[in-house]
Each structure stands twice: as C-alpha cells, then as structure tokens.
Amino acid sequence: MNYVRTLIRNLIRGPSTEVYPFGPAWTPVHFRGRVEFKLSSCTACRACEQVCAPGAIRFDKTPEGLRFMLWHNTCVFCGLCEYYCPTDAIHQTDDWHMAHATAHQYEMAIRELISYVSCTACGAKALASAPNPAGVVPPFTAEEIEIQRNLCPGCRKTALAERGVK
Ligand code: SF4
Ligand code: SF4
C-alpha cells in the first residue's frame, strides 16, 4: 500500500520536476557550465591549453596569427583553464543549455584569432595579445593596453619597464 501513500502525497505536494523547457529550471550555485573566451584579455600565454586534460583547447599558428579553438563537446567542465588564466580571459559560466542536434556539432566551438601586427615601435611582426595587468599599479588604462597590444615582445618589455613593471 506504500504506493497509495506515495500517490496521495505527490497529489498533495504537486509535481517535483521542473517545467523545462517550457519554463525556467533551477541551476545550482557555482554550477560549472559552458566556457567563455574574451579575446581582448588574452595574453596568448597558452596556459589554458597546457592544463586542459581532454584537449578541448588548442592554439594553432597560422599565417594570420595564433588561432584559438575551444570545443564545447570535448570540455569536461573541470574549470582548470579559468583557474590558471592570469587575465580572466577564459572563464566558466553557469550556462548548461548545450543540447544540440548532431548536425550542429561543429558549431559547438569558440574560434578566435590573435592576429599579427607590425610593432609600432620597431616594425617587427608580433602577436596583438593583451599585456598581463596583474599587479600593475596604477592599473593600465585602455589606451595603454592598446599601445602595448601593438608592440613586439622586446619593445613591450622596454615599455613595461618604463611603466615600473618587471
Ligand atoms: S573547463 Fe577543463 S576541460 Fe573545459 S576547456 Fe577548461 S580546462 Fe578544458
Ligand atoms: S591568457 Fe588565459 S585564455 Fe589566453 S592563453 Fe593565457 S590562459 Fe589561455
């Protein structure tokens, strides 16, 4: 007769499941979901690629620059890329809405390009990556970041030293 008690209890309490996809569904606090990438903050250090155990993140050198790829379907949501990223260029959201048709599997990726530029100081070929602003006092202004983005590693080092960054 246990099922009768269960039936009556459920009738009184109402349904315990979410109405998703016809309404919002509960998401736990600190849920580790879809990874996002912010190209403008990336220093091209490639730490995220190194720590990503399943190989969901990959950088490839191309004639145009350094190509970033992150496959959502390979990601295991461990959070290591966010943990080791020095500039918060990569982080996990609590978005778990990732169901998709097989036909769309190749769209489940982030593709970005850190392009090559000519160093504005010496003309050398360099990646237009962001400088690491950690511990810089006073913080970089948007203009300073833009200037450093357009410098080669040598000229950037000189410019950072003048700014008091070791
Ligand atoms: S969360 Fe983990 S598996 Fe997913 S991209 Fe980051 S390091 Fe790789
Ligand atoms: S700055 Fe962050 S996102 Fe960019 S390569 Fe380094 S760890 Fe990856």
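Here are a few exercises on a predicted model, each with a worked solution.

Some ground rules: in this predicted model, local features need pLDDT of at least 70 and side-chain atom pairs count only at pLDDT 80 or more, while totals for chains, interfaces and linings use all residues. Residues are numbered from 1 along each chain as its sequence is written, chains are lettered from A and ligands numbered from 1 in the order in which they are written, and side-chain values use heavy atoms, with hydrogens and water left out.

**Exercise 1. Find the residues around ligand 1 and sort them by class.**

Step 1: A residue counts as near a molecule if one of its heavy atoms lies within 4 Å of it. That gives Val-35, Cys-52, Pro-54, Ile-57, Cys-75, Val-76, Phe-77, Cys-78, Gly-79 and Cys-81.

Step 2: Now sort them. Ala, Val, Leu, Ile, Met, Phe, Trp, Tyr, Cys and Pro are nonpolar, Asp, Glu, Lys and Arg charged, and the others, Gly among them, polar. You end up with nine nonpolar, one polar and no charged residues.

**Exercise 2. Do the sorting for ligand 2.**

Step 1: Its shell holds 14 residues, the closest being Cys-42, Cys-45, Arg-46, Cys-48 and Cys-85.

Step 2: By class, the shell of ligand 2 splits into 11 nonpolar, two polar and one charged.

**Exercise 3. Which salt bridge does Asp-95 make, and where in the chain do its partners sit?**

Step 1: Look for a side-chain nitrogen of Lys or Arg within 4 Å of a carboxyl oxygen of Asp or Glu. The structure has six such salt bridges, and Asp-95 pairs with Arg-34 at 3.2 Å, N to O.

Step 2: Asp-95 is in the loop between β4 (90-92) and β5 (109-118), and Arg-34 is in the loop between α1 (2-13) and β1 (35-37), so the pair links distant parts of the chain, 61 residues apart. Helices (H or I, at least four residues) and strands (E, at least two) are DSSP runs, numbered from the N terminus.

Step 3: Check accessibility, where buried means under 20% relative accessible area, exposed over 50%, and partly exposed in between (1.4 Å probe, protein chains only). Asp-95 is partly exposed at 24%, and Arg-34 is partly exposed at 22%.

**Exercise 4. What is the N to O distance between Arg-58 and Asp-60?**

Step 1: Their closest N and O atoms are 3.0 Å apart, in a salt bridge.

Step 2: Arg-58 is partly exposed, at 48%, and Asp-60 is partly exposed too, at 27%.
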